[in-house]
Amino acid sequence: MVPAAEILELIAAIHQAGLEPQGWTDVIVWIAELVGACSGSFHLLDRSTGRLDVIGCHGFDSAACRGYREHYHRIDRLTEAVLQSPAGLCFVGEQLVDRERFERSEFFTGFLSQLGMCHFVGGRTLEDEGVAAIVGFHRSADRGPFDPRDATTLGLLFPHLAHAALVHSRMAEMHAHVEALKSIHDRWPTGVILTEGDGVIVWCNRTAEGILRRADGLFTHRRQLMAERPAANRELRELLRRAASGDGDGRFGGVTMVPRRTAADPYSVLVAPLPARNGAPNGILNRLMAVVFVCDPAQVVRTPGEALRRLYRLTPAEARLAEGLMAGSRLREAADRLEITEGTARSYLKRVLRKTGAQRQSDLVRVVLSGLVPLAAVADDVRPLEVAPEAIDRRIAVRRRRT
């Protein structure tokens, strides 16, 4: 008889694993010991595509997991029988398949028996939008089959496994969406900084990381976004407060210019509200936030020739000329750089204008920069932040002392 305290502790671990997937291995090991199994797994199977995700396993090496995921789960008669049985019920293998026929199957001879496994207990804990959550545990032949009491014990955990699997899948989906959005924002030439109401930085894209790394006008202090000039800093903090408190003009916190220590033009900064949607309106979970957009007028928007060539069907020579013009070169300068005559460059330019739909050279800049080409220039020159914000704070302090 398993002590009730241990069962409660196991149930708590199951629900925690739904939030923290690294805990699934310990949960599977724990349940395997509970039912006297030598191995076990918990996986999600998409019925429509046949794709499978193992979210926790014990007793399988990486080669076995890969073999099951890539081939054997498609001919697993136990899984086939589980999918045809009601969700929420736990079975021993003999209740699902004919033992004699099962031991002649490719799945048994090519997979289970090769791993020293013979007997099974498990079932489908949940099915949600065509995705089945299946748990199964195994014993070797010499340890004998599972009995109905093992199925009953495991079945008591099914509601908790089902709930944790649902949380696991929802969290995985949410994290995938968040990472996709981060990747999209990393392609923007504009700095994007997400802050709490007091200016504490929650996240920023790669362009903003580069701006903060340079610490020229904008920097971090104790994880807070700060402007170097006192007057600019007061205005920035007031905009952040207005955006996060919701007492602005109803659309955004406001705009400002942030001067820089160097001779570079000031940053254009827009602060906008980003109200949370968690918890009660005035509750602790409803964290009011602000998003800060930082535009650096000194930043050159790159127009890669390959993207120009593919999008507008330009020849390599036409693309190189267009790239030079986008970078601000005059036609003669671009011709000299490409080592062609100005007449040849004019001929190329006429073809570029025709292919892009631009009317004149100045119109070409508008057409290209308002299209997709700048997004193809992912900010490869902006490296991930390699130093802690505190290190940047120290650099600023040293500079101030020197001045």
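Partly exposed here means a relative accessible area between the buried limit, under 20%, and the exposed one, over 50%. Keep that handy while you click through this predicted model.

**Stop one: Glu228 and Arg261.** Select this pair: they form a salt bridge, with the closest N and O atoms 3.5 Å apart. Glu228 sits in the loop between strand S9 and helix H11, Arg261 in the loop between strand S10 and strand S11, and the two are 33 residues apart. Arg261 has 39% relative accessibility, so it counts as partly exposed, whereas Glu228, at 17%, is buried.

**Stop two: Arg139 and Asp150.** Their side chains meet in a salt bridge at 3.3 Å, N to O. Arg139 belongs to strand S5 and Asp150 to helix H8, so the bridge ties together parts that are 11 residues apart in sequence. Arg139 is buried at 11% relative accessibility, and Asp150 is buried at 13%.

**Stop three: Arg332 and Glu342.** Here the salt bridge has its closest N and O atoms 3.2 Å apart. Arg332 is exposed at 54%; Glu342 is partly exposed at 25%.

**Stop four: a network.** Select Arg214, Asp216, Arg260 and Asp296 together, and you have a network of salt bridges. The whole structure holds 18 salt bridges.

**Last stop: helix H1, residues 4-19.** Which residues of H1 are buried? Leu10, Ile11, Ile14, Ala17 and Gly18. Look down the axis of H1: these buried residues fall within an arc of 120°, so they line one face. Helices H2 and H9 are among what covers them.

Methods: Residues numbered from 1 in each chain as written. Predicted model: local features only at pLDDT ≥ 70, side-chain atom pairs only at ≥ 80, totals over all residues. Heavy atoms only, no water. Buried < 20%, exposed > 50% of the residue type's maximum accessible area, 1.4 Å probe, protein only. Helix = DSSP H or I, 4+ residues; strand = E, 2+ residues; numbered from the N terminus. Arc of directions from axis to C-beta. Contact = heavy atoms within 4.5 Å. Salt bridge = Lys/Arg side-chain N within 4 Å of Asp/Glu carboxyl O.
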